[in-house]
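Please open the model in your viewer and keep the sequence panel beside it. The tour below goes from one selection to the next and says what is found at each stop.

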Amino acid sequence: EMIQGTTDINFTRNGLHIQVKNVSASICTNCRHKTLNAKVALYIDNIVKAIFSKGQPIRMNKLTLEAA
């Protein structure tokens, strides 16, 4: 059985760690496996790719985003 909940997603590339917190997800009550809605996953992927593609104009090694 799947229930609605939230999860955090982590990405790391070239020394920069991006954490997206409080992302809506379906969670299996048996194994705790988390699944994202395809539109949500694509939206987050596009944001993270845009951040990584810009390089690091300032010295930064961690960025945390929180879903509303």
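## The chain as a whole

Begin with the protein chain in a cartoon view, where the secondary structure comes to 1 helix and 4 strands, helices (H or I, at least four residues) and strands (E, at least two) being DSSP runs numbered from the N terminus. Followed along the sequence, these elements give the pattern β-β-β-α-β. This is a predicted model, in which local features need pLDDT of at least 70 and side-chain atom pairs count only at pLDDT 80 or more, while totals for chains, interfaces and linings use all residues. Residues are numbered from 1 along each chain as its sequence is written, and side-chain values use heavy atoms, with hydrogens and water left out.

Of the 68 residues of the protein chain, 19% count as buried; buried means under 20% relative accessible area, exposed over 50%, and partly exposed in between, with a 1.4 Å probe and protein chains only. Among the contacts with a separation of 6 or more, 52% come from residues 24 or more positions apart, a contact meaning heavy atoms within 4.5 Å.

Select T7, whose place is in strand β1 (residues 2-13). T7 is counted as buried because its relative accessible area is 12%, and, leaving aside neighbours within four places in sequence, T7 is in contact with V20, K21, N22, V23, A25, K34 and L36.

Not counting residues up to four places away in sequence, Q19 touches D8, I9, N10, K62, L63, T64 and L65.

Stay in strand β2 and select S26, which is partly exposed, at a relative accessible area of 22%. Here the side chain of S26 makes a polar contact with the side chain of Q4 (2.9 Å). If you draw a distance from the C-alpha atom of S26 to that of N37, 11 residues apart along the chain, the separation is 8.0 Å.

Now select D45 and K49, which both lie in helix α1 (residues 38-53), 4 residues apart, about one turn of the helix. D45 forms a salt bridge with K49, the closest N and O atoms being 3.2 Å apart, where a salt bridge is a side-chain nitrogen of Lys or Arg within 4 Å of a carboxyl oxygen of Asp or Glu. By this rule the count comes to 1 salt bridge. Side chains of opposite charge can pair when their charged atoms come close. Both partners can be checked in a surface view: D45 counts as partly exposed at 27% relative accessibility, and K49 is partly exposed at 48%.

## The lining of the largest pocket

For the last stop, select V20, V23, Y43, I44 and A67, which, of the 12 residues that line the largest pocket, lie nearest its centre. At least two residues of this lining are supplied by each of β2 (16-28), α1 and β4 (62-66).

Terms used: 1 Å grid on protein atoms, 1.4 Å probe; cavity = no way out; pocket = protein on both sides within 12 Å on 5 of 7 lines; lining within 4 Å. Polar contact = N/O pair within 3.5 Å; in protein donor to acceptor, adjacent residues only side chain to side chain.
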